[in-house]
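Open the model in your viewer and keep the selection tool at hand. This tour moves from one selection to the next.

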Amino acid sequence: MSSGDRIRGAFVGLAIGDAAGWPAARHRSTLLAPWSRRLERELDAFAEEHRVTTLPVPFSLNQPVEPLAIGPSDDAEWLAWTALTIHEDRAEAFGRLAERSDLRVRISVRSALDNLAAGKRPPASGHDNPHFFDDAAAIRAVAFGAAGADPRADASVTNAGDGVHAAAAMAAAIAELVAGGPMPSAVEAALAELPEDTAIGHMTRTALAVAREAGDPFAAVPALDAALLDHVYSYGVAAAQTVAAALALAEVSAGALSAAVPAAACLPSLADSAPALAGALTGAHTGYQALPEGWCAAARTLVGCGIPDLAGTDLIDIAGGLA
Amino acid sequence: MLTRARGCLLGLAAGDALGRPAENLAPEEIARRWGRLTEIEPGKGGTDDTEYTLFAASLLCRYGAAMTPADVAREYREQIIPGIDGPMRGAGFSELGAIQALRRGLAPPLSGLWHPHGWSDGLAMRAAPYGIFAAGRPAEAARLVAVDGVVSNSGEGVYGGQAVAAAVAVAMTGAAPGEVVRAGIAAVPEDSWTSRNLRAAVEAVATGSVERLYAAVVVRHYPWTDLAPEAVALAFAGYLMGAGEVEESVVSAANLGRDADTTAAIAGALAGAGRGEAAVPERWAAEIGPATGRCLPVVAGRHVLDAATDLVAASGKAA
């Protein structure tokens with residue numbers, strides 16, 4: 001297997017994981033008219049008021065139905081954007097985004113873009129940020145790992161602390177896998193970037209221990225929920241949780257995407273990005289050719305639900321630019 | 001010393017009570033509802049800010065300057081966690097996160113790091129007693145508050161507490177507001193969000209523009225308002241806008257909205273320490289009774305004025 005096939009595996013594996021998590025349909029539904037989503041919010045309130053357990057799902061009344069088919073969402077788009085701009089100065093690349101009003105971005109990225117627009121440079125743009133600890137940069141770091149490049153300058157634009165450690169860990173693991181290393185070496189490479197006295201260092205080691213104890217990815221789901229989540233906060237994007245879960249599931253699945261990604265998707269709080277991260281790791285491990293064909297077909301084409309101009313882009317072409 | 005200490009905690013409790021109904025509101029919405037919010041809702045009292053402040057004061061009276069993070073964690077385990085029966089009313093993210101971390105056996109500093117709310121203003125809201133205990137010694141106040149802070153917070157959340165504690169320590173000497181704010185800024189690393197926001201707040205207040213203040217320190221695209229760098233900056237801004245007078249400082253902070261109970265409480269602590277107990281409006285003082293223990297059952301029945309008196313005694317013993 002070539003490193004090019006492993007890079008394609010990392011990209012499409014991330015997109016498959018992105019597509020497998022429940023939030024993908026919500027992100028993709030932003031392509032529908034706003035009133036369509038307003039109706040969904042009203043149906044949610046209806047279920048609450050009428051005490052019915054039939055909950056609304058993204059739906060498409062008088063709207064095109066294609067966006068609601070299984071497919072990739074924001075994470076795959078940010079990976080593609082990163083690969084396309086990887087040779088540019090990171091503050092400049094993000095600075096262009098700060099001028100746009102058509103993007104949908106994470107809170108960390110939104111705050112960083114506001115900081116850049118106000119004249120705050122990295123690393124302050126990523127540090128003076130309520131979600132400095134999220135995994136936005138860890139997702140982008142898959143491109144840097146595939147290219148064998150350092151993700152820190154990119155990560156520091158939108159994140160700090162655990163958010164930057166997470167990017168370094170993901171890039172190190174992906175680089176090791178793209179070079180043909182086995183999954184345990186990739187996990188070791190990631191751990192080397194995660195100091196033990198940080199939340200992400202502590203949680204990743206805990207996640208690996210409980211997943212190994214459980215023995216297989218699906219069996220590890222309740223243990224990971226108990227070990228990583230306190231269910232106190234309103235968002236499940238902390239890299240300390242998502243990267244920890246992804247690394248643990250990638251290892252205990254022995255690098256098999258079909259085992260790691262569904263398990264990650266079963267952690268509802270983390271389902272926006274842990275499946276994508278697990279998919280990137282396992283996809284880089286097996287290479288693109290080994291990934292399930294139906295999933296590749298569903299996940300490789302972007303729809304532009306976060307970055308509109310990427311609609312129609314084929315991730316295989318993007319990955320080819322780095323291979 | 002005693003009147004400043006009592007003014008500090010009475011100002012804090014009054015700010016907490018005044019700001020409570022304005023929490024999470026924008027200044028425009030506050031103006032629409034009240035014109036200018038100047039009166040405490042009768043009979044409602046304060047919130048978690050006052051009750052956690054009473055808890056911090058009790059820790060200082062028990063352990064003094066020798067207090068360690070392990071002491072604080074033990075007090076959480078013995079005094080707070082067993083009293084939680086169902087919902088934890090009024091507790092912020094950092095306190096809930098820390099309690100979940102302590103429940104699973106983690107120790108400080110991991111208990112303050114393990115959850116993602118290290119930046120919460122939960123330490124800043126209870127930092128005033130450290131400034132009273134270490135009156136005139138801002139560095140000691142900042143050191144001590146961090147001993148408590150690392151149990152529940154990390155990074156900017158600890159800095160926010162240090163800025164408040166150091167500023168209160170200097171306000172306790174009767175220093176002018178500008179000097180008080182400079183002491184708060186000096187207590188935190190220059191390369192921190194807290195320092196950048198505090199300096200930006202000072203500049204914005206000098207222009208007299210609330211819009212500029214908001215643009216400089218408020219995170220627009222974030223739904224929660226308990227970020228310490230933001231809340232402490234708004235609190236200090238209110239204190240400067242009120243020129244250190246208790247009523248004007250507290251009202252200015254409360255009417256800026258966001259985490260209004262906490263920001264008004266901090267502004268009240270700074271101004272009350274500077275001006276003393278008698279400077280707290282009587283109509284506000286009349287609304288401040290013993291804590292109900294609604295948020296923290298362990299402090300039920302404690303009055304901020306008694307806590308202030310005890311703190312001064314404990315501080316005297318230590319010195």
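Two residues are in contact if their C-beta atoms, placed from the backbone, lie within 7 Å. The model is predicted: local features need pLDDT of at least 70 and side-chain atom pairs pLDDT 80 or more, while totals for chains, interfaces and linings use all residues. Residues are numbered from 1 along each chain as its sequence is written, with chains lettered from A and ligands numbered from 1 in the order written.

**Stop one: where the chains meet.** Select both chains. Here 15 residues of chain A are in contact with 18 residues of chain B. On the chain A side, α6 (107-117), α7 (124-127) and α12 (199-214) each supply at least two residues. Helices are DSSP runs (H or I, at least four residues), and strands are runs of E (at least two), numbered from the N terminus. α6(A) gives the most to this side, with four residues.

**Stop two: chain B.** Count 17 helices and zero strands. Its C-alpha atoms fill a box of roughly 45 × 40 × 40 Å, taken along the principal axes. Of its 319 residues, 63% are buried (20 or more other C-beta atoms within 10 Å of the residue's own).

**Stop three: the core.** A nonpolar core is a set of buried Ala, Val, Leu, Ile, Met, Phe, Trp, Tyr and Cys residues joined through C-beta atoms within 7 Å. The largest has 230 residues. Select helix α10 (residues 162-178) of chain A, which gives the most to this core, with 13 residues.

Which residues does Val168(B) touch? Among them are Cys8(B), Ala128(B), Ile132(B) and Leu270(B).

Conventions
Buried ≥ 20, exposed ≤ 12 C-beta atoms within 10 Å, placed from the backbone. Lists of a residue's contacts leave out its neighbours within four places in sequence.
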